[in-house]
Amino acid sequence: MRKTQQKSSVLRAVMQSVTSCISITLVLLLLGMTAFFVLSARNLSAYVRENLTFSVILSDDVNDTAALQMKSAFEKEAYVKSAVYISKEQALKETVEELGTDPSDFIGENPFSASIEIKLNAAYANSDSISVIENSLSQSNDIDELVYQKDLIDMVNSNISKISLFLLCLAVILSLISLGLINNTIRLSIYAKRFTIHTMKLVGASWGFIRRPFVMRQVMVGVVSAVVSDAMLCGAAAMLLDYQPELAGIVTPRLLAAVSLFVLLCGVIITFLCSYFSINRYLRMKAGDLYYI
């Protein structure tokens, strides 16, 4: 009879741990997805900004050697991510391939100027920084003009700011919801052991001694839940990259590592704090109060 009761007690404890683990896994998965989208949006904004083109139109008297020297000088600047030199002949060739006709046949000469196409680093891809760069470069006699789409840059930065603010608010709301759900899950798990906690108090056990196994158990559940959540997130990311390989520049290994670490830390810290304070609540209660909660 006693063995049957022990088996039943062990089975009940295992089922409680499994149920708690599943609940916490789903909540951590929600937190991980939130962190994933927030960090992905950050990478996406950098990717979009760094693909905005800034064209430096060169004077006609600048030869290829001088233009290549200018290109090398640009590549050393902090604001430049990459620079590509496009000669007059290459510009004409590309236009012929796109339009199917040669403009020089009608005009009698090559109408294009040599240029250097610059892609800026994300931190400098805004109107204020570009204005400073424009003022600096316009002083050169070798440069005819600078061409960039100011309206497009302003629109991109404005939309990115709005999306970032929305995702930040969403992350805060979902974090609070997740914290509440995990807290309720742990409180229900410890609630079933409230009389055991009181019995241990009666035999003289210290609060630290009583608290330790409960906290450790919940932290282990949090670690297991975090590992399962990380595996699901990484699996989903791998499937996404397999379906859309172009996203490799946004969904990077560094991003996945950051999200995985974030989920693991949340799993440990939240379960520790929730279990710690939940157990303290029952430790402070008198025997009669345990029947009315």
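Predicted model: local features only at pLDDT ≥ 70, side-chain atom pairs only at ≥ 80, totals over all residues.
**Exercise 1. Work out the strand order of the open sheet, and find which strands stand at the edges**.

Step 1. Four strands make up the open sheet, and reading across it gives E2-E3-E1-E4, with antiparallel pairing.

Step 2. E2 (80-86) and E4 (143-147) each have a single partner strand, so these two stand at the edges and one side of each is left without a neighbour in the sheet.

Step 3. Going from one strand to the next, the twist averages 20 degrees.

Step 4. Helix H2 (residues 64-75) lies across E1 (53-58), E2, E3 and E4, and runs at about 170 degrees to E2. Helix H5 (residues 127-137) lies across E1, E3 and E4, running at about 10 degrees to E1.

**Exercise 2. Decide whether Ile116 is buried or exposed, and list what Ile116 touches**.

Step 1. Find the residue: Ile116 lies in strand E3.

Step 2. Check its accessibility. Buried means under 20% relative accessible area. Ile116 has 0% relative accessibility, so Ile116 counts as buried.

Step 3. Look at its contacts, setting aside neighbours within four places in sequence. Among them are Phe54, Val56, Ala67, Met70, Phe74, Val84 and Tyr85.

Step 4. Ser87 is 29 residues away from Ile116 along the chain, and their C-alpha atoms are separated by 8.5 Å.

**Exercise 3. Describe how helix H7 packs with helix H8**.

Step 1. Recall what to report: two packed helices are described by the angle between their axes and the distance between the axes.

Step 2. For H7 (residues 194-202) and H8 (residues 207-243), the angle is about 150 degrees and the axes are 10 Å apart. Angles over 145 degrees count as roughly antiparallel, so H7 is roughly antiparallel to H8.

Step 3. Name the residues. H7 contributes Ile197, Met200 and Lys201 to the contact, while H8 contributes Phe209, Ile210 and Phe214.

Step 4. Sort them by class: the contact has five nonpolar residues, one charged residue and no polar ones.

Technical notes
Residues numbered from 1 in each chain as written. Heavy atoms only, no water. Axes fitted to C-alpha atoms, helices over the stretch in contact; angles between N-to-C directions. Parallel < 35°, antiparallel > 145°, perpendicular 65-115°, else oblique. Contact = heavy atoms within 4.5 Å. Nonpolar A, V, L, I, M, F, W, Y, C, P; charged D, E, K, R; others polar. Pairing = 2+ DSSP bridges. Buried < 20%, exposed > 50% of the residue type's maximum accessible area, 1.4 Å probe, protein only.
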